[in-house]
Amino acid sequence: MKPIAALVLGLALLGTSLAGHAQNYPEKPVRIVVPYQPGGTVDLVARVLAQSLTEQTGTQFIVDNRSGASGAIGSEIVAKSAPDGYTLLVQSPTLLANPLISRKVGYDPVRDFRPIAMLGSVPMVLAIHPSIAARNLKEFADAARADPKKCALGTSAVGSPMHLAEEAIKKESKLDIPIIVYRGTAGALNDALGGQISGMIDAIPSSAPHIAAGKLKALAVTTNHRVASLPNVPTVAESGYPGFEMVTWYGLWAPHGLPDPIARRLEALVQKAMASKMATDRLSPQNFEAQTLLGDSFGTFITRQLTSYARIVKDANITTE
């Protein structure tokens, strides 16, 4: 057989082998790494996804919590794993932000991962202590200009979507107010409730009960549309910041190099999982908005998000070093 013909035949056989392998995927348990402790929204989304994928395939998808370094440790584990479909990552936008704010992060969010699917998003809300007289975002910005030190905001982590949203509003409003970084949402929320800080941008699920009880006052949501659970709260865009939109979204990644047939198989499984009644019943009460983007479409979304985050990080000079 001539060399070229042999090469063509070999490639054809390889393609057939990969396609057959993908049809049988998964043939053993799959690990879904969550780079945070159990109990947060990333963990919840991953566990709902894992349950549905297990039910669909009859093979165990197991959540493995590997917390540390704002999600960088668990994310790096996946980046360095074999690209065979048996180690996956569920993460938030922090995957993209971490390398922008620290040179010590051991992965590149584009080079080291293959995006499988965006799973959905959770809207955020700017909520302040009720002792502050501001009734809307404009009035809060006016108060912050008059006395910046009394209008500190809190955030859950450096580079979190909440932090980036606060920095973006600071820039758009030309504000010079402090942003205090806490070790998680709970600390920031407790200080906002106690009036030690003016407020914070937070994912709606954790702030909503306090807003309903009158312990916090909602000024604006960060989505490009009003949120059903807070119908009377305007968007940031409606409040004088046209085009503003920032949410906490969640995605599924595999290590770079995952073969196309396995990626396509995963995409189909994930799309069905996130549309299931079980997923809707468990995630909708958390204001989770299902929004499945697959493969290249998710990759395009990531590119846009990276550009936006990089601009915010540069403008605000955010760094952990």
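Buried means under 20% relative accessible area, exposed means over 50%, and partly exposed lies in between (1.4 Å probe, protein chains only). Glu267 is buried, at 8% relative accessible area.

This is a predicted model, in which local features need pLDDT of at least 70, side-chain atom pairs count only at pLDDT 80 or more, and totals for chains, interfaces and linings use all residues. Residues are numbered from 1 along each chain as its sequence is written, and side-chain values use heavy atoms, with hydrogens and water left out.

**Salt bridges**

Side chains of opposite charge can pair when their charged atoms come close. A salt bridge here is a side-chain nitrogen of Lys or Arg within 4 Å of a carboxyl oxygen of Asp or Glu. The count comes to 16 salt bridges.

| Pair | N to O distance |
|---|---|
| Asp315 and Lys171 | 3.9 Å |
| Arg264 and Glu267 | 2.8 Å |
| Lys277 and Asp281 | 2.6 Å |

Helices are DSSP runs (H or I, at least four residues), numbered from the N terminus. Arg264 and Glu267 sit three residues apart in helix α9 (residues 260-274), so about one helical turn separates them. Arg264 is partly exposed at 39% relative accessibility. Lys277 and Asp281 are four residues apart in helix α10 (residues 277-283), again about one turn. Lys277 is exposed at 63%, and Asp281 is partly exposed at 43%. Salt bridges with shared partners also join Arg31, Asp64 and Arg66 into one network.

**Helix packing on α11**

Axes are lines fitted to C-alpha atoms, for helices over the stretch in contact; angles run from 0 to 180 degrees between N-to-C directions. The axes of α6 (residues 161-173) and α11 (residues 295-316) come within 10 Å and cross at roughly 65 degrees. Contact means heavy atoms within 4.5 Å. Leu164, Glu167, Ala168 and Lys171 of α6 make the contact with Tyr309, Ile312, Val313, Asp315 and Ala316 of α11.

Asp315 is partly exposed at 42%. Lys171 is partly exposed at 48%.

Helix α4 (residues 94-101) also packs with α11, at about 40 degrees and with axes 10 Å apart. From α4, Leu96, Leu100 and Ile101 meet Ile302, Gln305, Leu306, Tyr309, Ala310 and Val313 of α11.

Note on methods
Helix = DSSP H or I, 4+ residues; strand = E, 2+ residues; numbered from the N terminus.
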